[in-house]
Structure formats: structure tokens, C-alpha cells
Amino acid sequence: MTEAVEYDVVVLGGGPAGENIADRTRAAGLRTALVESELIGGECSYWACVPSKALLRPVLARADARRVPGLAAAAQGPLDTAAVLAHRDYWTGDWKDGGQVDWLDSIGADVYRGHGRIYGVRKVSVTSPEGEHHVLTARHAVVVATGTRAVVPDLPGIAGARPWTSREATSAQQAPGRLLIVGGSVVAAEMATAWQGLGSQVTVLVRGGRLLPRMEPFAGELVAEALREAGAVVRTGVAVEAVVRDGSTGPVTVVLEGGETLEGDELLMATGRAPRTEDIGLDTVGLTPGTWIEVDDSCRVPGHEWLYAVGDVNHRALLTHQGKYQARIAGAAIAARAAGASEPDTGAWGAHAATADTRALTQAVFTDPEAAAVGPTLAEAERAGHRVRAVDYDLGGVSGAGLYADGYRGRARLVVDLDREVVLGATFVGPGAAELLHAATIAIVGEVPIDRLWHAVPAFPTISEIWLRLLETYRG
């Protein structure tokens with residue numbers, strides 16, 4: 001059966017970015033369809049942000065408790081791994097998406113389950129799992145929000161080794177005895193923290209020189225130091241050449257450059273992401289399948305006034321919160337253009353420009369210690385041609401940090417634009433440090449002058465007093 005239906009907006013992909021753009025276009029009165037081939041809610045809800053944080057929270061809470069006098073002795077025992085996994089399952093809805101579908105129904109968006117493909121200007125075909133065929137046309141916009149998939153390098157023996165990707169790492173039903181992790185990314189660092197805390201013996205193999213290479217160098221150094229203290233092995237500057245696994249349940253062996261071998265019970269390949277654009281019909285509108293989709297600041301594809309791409313698929317920022325932000329921006333831009341606005345507000349920080357993607361990108365890594373950053377690192381700011389100064393302070397030297405945990409270790413950095421006297425970037429590393437991030441984000445987005453920041457008085461004794469210490473250090 002073939003059904004043809006006309007909408008104002010058709011969204012390909014039902015993850016957080018797709019859901020948010022459907023919400024915005026529906027709020028603007030635009031008839032909207034959303035197409036998804038897997039679970040509504042996407043990677044973040046079932047295999048990434050939500051389950052990983054459910055696994056990490058007990059690990060981090062225990063680590064904090066072990067640093068508090070009067071509580072430390074009571075927190076020395078192992079975690080109840082079964083209870084942690086059950087809590088993770090609760091937060092993923094046991095990998096059922098009924099609640100997400102109900103929410104889309106409540107806002108009046110139509111959901112089509114199946115594989116969606118663009119097949120020309122403003123046209124999308126959907127083939128359902130039952131073989132039904134739907135033809136959707138869009139009066140105003142088609143939005144691609146299909147996200148990314150994990151990349152597993154084509155190493156000898158990798159196919160038969162059945163390696164974990166981020167999906168298996170966050171949905172596993174038991175802790176492996178020995179877990180080998182290849183990669184130095186956020187996924188590698190967080191999953192090393194989680195599974196080491198849940199009882200696995202973890203070995204992390206990093207090709208580069210450090211963990212978390214996109215953050216300030218001290219972030220990865222402090223996280224690696226803590227992982228080693230927790231019992232994990234972290235090795236940098238090593239490359240995997242091959243993988244061997246015999247049988248369906250036997251151990252897995254990785255072969256390193258030079259011939260050294262390491263054995264584990266499971267292998268997690270945390271080696272990057274690729275766009276899910278290989279079979280969505282990009283070729284029918286002059287774009288290349290399997291590639292990232294280039295967009296302008298309103299998330300519209302240049303040369304295609306009806307086509308938008310939001311979330312990971314446009315490669316601006318592979319972070320859930322940034323994808324949702326882009327969806328809010330693009331949704332507003334689509335609504336404005338549908339209403340006849342000839343010139344949407346696409347200037348820097350305008351209502352229809354995703355400026356934060358390039359000037360105030362935020363990221364929080366829930367390791368022990370936490371690492372949080374917004375804006376460019378010192379090296380990135382210097383490469384961009386800014387005249388900058390880095391202002392550093394020992395986060396453990398703040399009274400609030402000392403009260404938070406005995407032996408608190410951490411570091412904070414502001415990257416200050418010396419010509420404009422504003423903060424360009426900030427990084428905080430330490431237990432609980434992720435909650436410091438939003439104040440820095442506001443300072444950067446608002447371009448608050450350093451002189452004005454002196455009047456933002458942090459409460460005593462909180463870890464946020466780090467702001468006062470950083471400003472005093474800057475003043476000298």
C-alpha cells in the first residue's frame with residue numbers, strides 16, 4: 001500500500017535533535033512528520049548519555065564518599081552491580097520508546113516508523129518494517145537528523161572478534177572480568193571509569209599522547225591519573241594492529257605494534273563516529289551519501305533552501321545538547337521563513353543562528369574527576385589568532401573544594417581575550433566540577449567584561465569561589 005501525505009515539515013530521525021525540531025515546528029503551527037527506523041529518542045536515550053550517566057553516577061558518588069571523613073569507611077565495599085544495571089535499565093525504559101512516542105503524539109507530530117529516504121526536492125519516502133510504503137512531501141522543509149554510528153577500524157580479525165561499541169558498553173548486562181578499551185575519547189574515558197568502578201579490570205589503549213585530546217592537556221592527565229589509582233591500566237602511544245578471538249565465548253586478544261599481546265574478556269572500540277547518511281537519498285539532491293552534511297548557521301544546507309541538517313550529522317558539534325540547541329535555532333528559522341520573513345536573524349547570536357556551536361561549545365565528561373569545558377582551549381584560541389592569556393588555579397585550593405572532599409585534586413583555567421577583556425574559554429577539572437560550567441558559559445555568551453565579573457560574588461564556602469581566585473590571579 002502506498003500513502004501520499006503532505007506536511008509543512010518532514011524530519012528524518014527521531015533522536016533528541018529530531019524530537020526538538022518537531023516540537024519547535026509544531027509550536028509554530030506547522031504540520032510535522034517525524035520518521036525513525038529505530039527507537040524514538042535516539043542514541044542519547046538508549047545507548048549514550050542517559051545509560052552511561054546511570055552507570056557512572058554510583059561510581060562517582062562512591063568515589064566522593066570515600067573522600068569524606070566519617071563516611072569513607074562505610075563506602076569501601078563494592079557496588080551492587082545488579083542494582084546499578086537495573087537502575088540503568090529503568091532510565092532507558094528497558095529499551096522501549098512508548099513514553100517518547102506518547103510525547104510526540106501530545107504535541108501533534110505524526111510518527112512514521114521505518115526507513116526514510118529523500119527522493120528529490122521536498123520529498124521523502126518511508127518503508128515500514130511491514131513493507132508499507134508512504135510518500136511524504138514537505139511544503140517548507142525536510143530536516144535530516146539521522147545522527148551518527150560508531151566506527152570500528154578494519155583491523156585483521158576484528159569482524160570475528162565481535163567488539164563492543166558504545167552501544168554494547170552502555171547496555172551490557174554484566175561487568176566483564178577484563179575489559180580492553182581502544183581509544184582516548186570521552187566514550188573511552190567514561191566507560192573506563194564506569195566499568196572499573198563496577199568491578200572490571202580495565203586496560204585503556206590510547207594511540208595518541210593522552211586521554212580527552214580535545215580538552216586542555218591537564219584534563220586528560222588528571223583523569224588518567226585517577227583511573228590508574230582506581231586500578232585501571234592506561235597506556236598512551238600504542239597502536240592496535242590486529243584482534244584475535246577464537247570461539248563464541250572465549251577471550252579476546254589484541255596485538256599491538258611490535259607484537260605485544262593483551263588478553264581481555266571484552267573489547268570496546270571507542271574509535272570515533274561516522275554520519276548516518278549512507279542510505280537516505282542524498283544523491284537524489286546532488287549531495288554525497290555517507291558524508292557529513294554541511295550547513296550554515298541556521299542549519300540550512302547551502303544551495304538547498306528547503307533542506308536542513310541538525311545534530312551530529314552536520315559535524316558542527318557531536319554533543320546531544322548542541323544538537324537540541326541547533327534544533328531550536330533551525331525550528332525558529334523554518335517557522336520564520338514559512339511565515340514569509342525575507343531575512344531571518346542570522347547574525348552572530350541572532351535568533352536564527354547557532355553561534356554557540358563555534359563560540360561557546362560546552363562539554364562535560366563524567367569521569368572521576370569530572371572534566372568540563374566551554375569555548376576554545378588556549379591552543380585553539382591562539383591558532384584562531386586571538387591575543388590571549390591563560391589563567392590557572394588549583395581547584396583544590398578553594399575552601400569549598402576542601403570541604404567537599406579530603407585531598408580534593410583539580411584545576412581550573414580561564415582563557416582571556418586580552419584585547420576585549422572578556423573570557424573566551426574555560427575548563428574545570430575536579431570532583432563535581434561539571435556544575436561550574438554554566439556560569440562560565442553565561443560569561444562567554446554574554447561577553448561579560450572582566451571588570452563586571454568582579455561584581456558576581458560567589459557564595460562562601462562553595463567550589464564556585466574558584467571564580468574569585470581566577471580573577472585575582474588575572475589581576476595579579
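A crossing of two helices is right-handed if the near helix is turned clockwise from the far one by less than a right angle. In this predicted model, helix H1 passes helix H10 in a right-handed crossing.

**Helix pairs**

Two packed helices are described by the angle between their axes and the distance between the axes. The table gives these values for two pairs.

| Helix pair | Residues | Angle between axes | Axis distance |
|---|---|---|---|
| H1 and H10 | 16-27 and 320-338 | about 25 degrees | 8 Å |
| H3 and H4 | 49-65 and 81-91 | about 150 degrees | 9 Å |

H1 and H10 pack at an angle of about 25 degrees, which makes H1 roughly parallel to H10, because angles under 35 degrees count as roughly parallel. H1 passes H10 in a right-handed crossing. On the H1 side, the contact is made by Pro16, Ala17, Asn20, Ile21, Arg24 and Thr25. H10 supplies Thr320, Gly323, Lys324, Ala327, Arg328, Ala330, Gly331 and Ile334. By class, the residues of the contact of H1 with H10 are six nonpolar, five polar and three charged.

For H3 and H4, the angle is about 150 degrees. Angles over 145 degrees count as roughly antiparallel, and H3 and H4 are therefore roughly antiparallel to each other. The crossing of H3 with H4 is right-handed. Val50, Pro51, Ala54, Leu55 and Pro58 of H3 meet Val84, Leu85, Arg88 and Trp91 of H4. In the contact of H3 with H4, eight residues are nonpolar, none is polar and one is charged.

Strand E5 (residues 123-127) and strand E6 (residues 133-144) run antiparallel and are joined by five bridges. Within E6, Leu136 is the residue opposite Val124. The two strands E5 and E6 form a hairpin, with five residues between them. In the turn of this hairpin, Gly131 has a positive phi of about 90 degrees.

E6 also pairs with strand E16 (residues 307-309), in the parallel sense and over three bridges. Here Val142 stands opposite Leu307 of E16.

**The four-stranded sheet**

An open sheet of four strands, with parallel pairing, has the order E10-E9-E8-E14. Its edge strands are E10 (233-236) and E14 (266-269), each of which pairs on one side only. From one strand to the next, the twist averages 15 degrees.

Between strand E8 (residues 178-182) and strand E9 (residues 201-206), five bridges are formed in the parallel sense. Arg178 has Gln201 in E9 as its bridge partner. Helix H8 (residues 186-197) packs on the sheet and touches E8, E9 and E14. The direction of H8 makes about 165 degrees with that of E9.

**The five-stranded sheet**

Another open sheet has five strands in the order E17-E18-E21-E20-E19, and the pairing is antiparallel. At its edges are strand E17 (362-365) and strand E19 (388-394), each pairing on one side only. The twist in this sheet averages 10 degrees from one strand to the next.

Thr362 stands opposite Val374 in E18.

Note on methods: Residues numbered from 1 in each chain as written. Predicted model: local features only at pLDDT ≥ 70, side-chain atom pairs only at ≥ 80, totals over all residues. Heavy atoms only, no water. Axes fitted to C-alpha atoms, helices over the stretch in contact; angles between N-to-C directions. Parallel < 35°, antiparallel > 145°, perpendicular 65-115°, else oblique. Contact = heavy atoms within 4.5 Å. Nonpolar A, V, L, I, M, F, W, Y, C, P; charged D, E, K, R; others polar. Pairing = 2+ DSSP bridges.
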